[in-house]
Amino acid sequence: MAAAAPSVFLLMVNGQVESAQFPEYDDLYCKYCFVYGQDWAPTAGLEEGISQITSKSQDARRALVWNFPIDVTFKSTNPYGCEIPHGLTPALSFEGPQIVLSVYGPDVFGNDVVRGYGAVHVPLSPGRHKKTIPMFVPESTSKLQKFTSWFMGRRPEYTDPKVVAQGEGREVTRVRSQGFVTLLFNVVTKDMRKLGYDTGPPDTQGVSGPSPPQGLPR
Amino acid sequence: MAMAEVHVIGQIMGATGFSESSLLCKWGVHTGAAWKLLSGVREGQTQVDTPQIGDMAYWSHPIDLHFATKGLQGWPRLHLQVWSQDSFGRCQLAGYGFCHVPSSPGTHQLDCPTWRPLGSWREQLARAFVGGGPQLLHGDAIYSGADRYRLHTTSGGTVHLELSLLLRHFDRYGVEC
């Protein structure tokens with residue numbers, strides 16, 4: 001049996017876009033896509049998807065449920081293998097993969113408008129992870145533009161939703177956060193430990209850390 | 001021998017407890033001399049968020065840093081400046097804060113408290129009516145303890161972060177974290 005050290009590792013993610021909380025909006029669907037740096041390549045599964053349209057339940061929960069499956073596997077493609085030569089900077093960057101979500105719904109005139117964008121890094125430690133992410137929309141710069149866009153059904157949107165996954169260029173945007181989406185991830189990795197990575201204790205509880213700050217649903 | 005590496009991946013999620021709304025955060029990472037940033041941006045500025053639900057301003061600003069290090073001194077520190085922006089586009093300081101990047105691998109929820117310089121009673125009155133207020137001349141007082149004794153400050157709100165640490169090759173050097 002060959003005992004050569006592995007040069008790449010695999011990250012397998014499955015899970016779902018579970019549900020959403022948007023107090024002011026109903027009849028929503030969401031699109032997801034994965035954003036990743038040059039060091040990653042998807043090898044299996046789907047990189048993007050569009051969910052069904054869901055309406056709020058009639059009971060007291062007023063829940064918006066999608067239960068939309070996610071299934072993707074990434075491979076790391078660092079050509080330097082496991083060792084970065086001492087003193088040299090690797091040519092490619094890590095840029096862990098992120099999932100970008102866009103939620104859309106009808107406005108009062110029946111047009112499809114964006115209700116929120118959000119993004120979160122795919123967890124790199126094996127185990128079960130539950131993440132609730134805030135969703136925000138770009139805000140109009142003036143009251144007149146706000147009224148015009150409401151009237152015409154053409155709200156401010158990002159030309160490429162992948163902008164949400166980046167930090168650069170954000171300082172000029174004004175946004176309004178107006179909802180949350182809950183995601184569930186199950187992560188399995190292969191050969192990360194052999195390559196020297198320590199990802200910390202496996203998360204088997206689902207939700208980690210102290211109670212969420214005020215504003216996040218419990 | 002390969003250098004030890006640290007990946008810091010996560011988000012500046014948002015902030016609570018500030019009296020102002022329409023908040024943004026300028027952030028940066030400061031490290032000691034033994035650390036080298038291999039990839040990622042060392043500093044940035046988040047979007048301006050005006051919350052519709054609750055009082056938490058959400059930024060969801062991604063942080064993805066890759067460090068290589070030869071020593072444990074100067075473990076990375078994240079320093080933050082929270083500003084509020086009014087409808088005219090003017091920015092007013094809401095708080096300074098810093099927190100160390102966690103030193104154990106895994107996912108961590110961080111709550112970073114903030115403070116702002118108080119100033120004289122005249123400056124406090126002016127800040128209440130006209131806005132403005134004293135600011136630090138040199139940003140390194142945010143994350144260093146030297147000369148802090150000169151300041152009289154009041155507290156601002158709390159910045160919430162979620163950071164995941166991925167360490168590599170630390171066991172080769174006998175480092176336990």
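The contact between the two chains draws on 52 residues from chain A and 47 residues from chain B. Please bear in mind that this is a predicted model. The area buried between chain A and chain B comes to about 4200 Å², and carbon and sulfur atoms account for 52% of that area. On the chain A side, A:His121, A:Arg170 and A:Arg174 together provide 14% of the area that chain A buries against chain B, more than any other three residues.

Which strands of chain A supply at least two residues each to the side that touches chain B? They are strand 7 (112–121), strand 8 (127–138), strand 9 (174–190) and strand 10 (197–198). Strand 9 of chain A gives the most, with seven residues. Sorted by class, the side of chain A that touches chain B holds 21 nonpolar, 20 polar and eleven charged residues.

Finally, I would draw your attention to the strand pairing between the chains. Strand 10 of chain A pairs with strand 10 of chain B, residues 153–168, in the antiparallel sense and over two bridges. Within this pairing, A:Asp198 has B:Leu167 as its bridge partner in strand 10 of chain B.

Key:
Residues are numbered from 1 along each chain as its sequence is written. Chains are lettered from A and ligands numbered from 1 in the order in which they are written. This is a predicted model: local features need pLDDT of at least 70, side-chain atom pairs count only at pLDDT 80 or more; totals for chains, interfaces and linings use all residues. Side-chain values use heavy atoms; hydrogens and water are left out. Contact means heavy atoms within 4.5 Å. Buried area is the accessible area (1.4 Å probe) that two parts lose on being put together, summed over both. Helices (H or I, at least four residues) and strands (E, at least two) are DSSP runs, numbered from the N terminus. Ala, Val, Leu, Ile, Met, Phe, Trp, Tyr, Cys and Pro count as nonpolar, Asp, Glu, Lys and Arg as charged, and the others, Gly among them, as polar. Two strands pair if DSSP finds at least two bridges between them.
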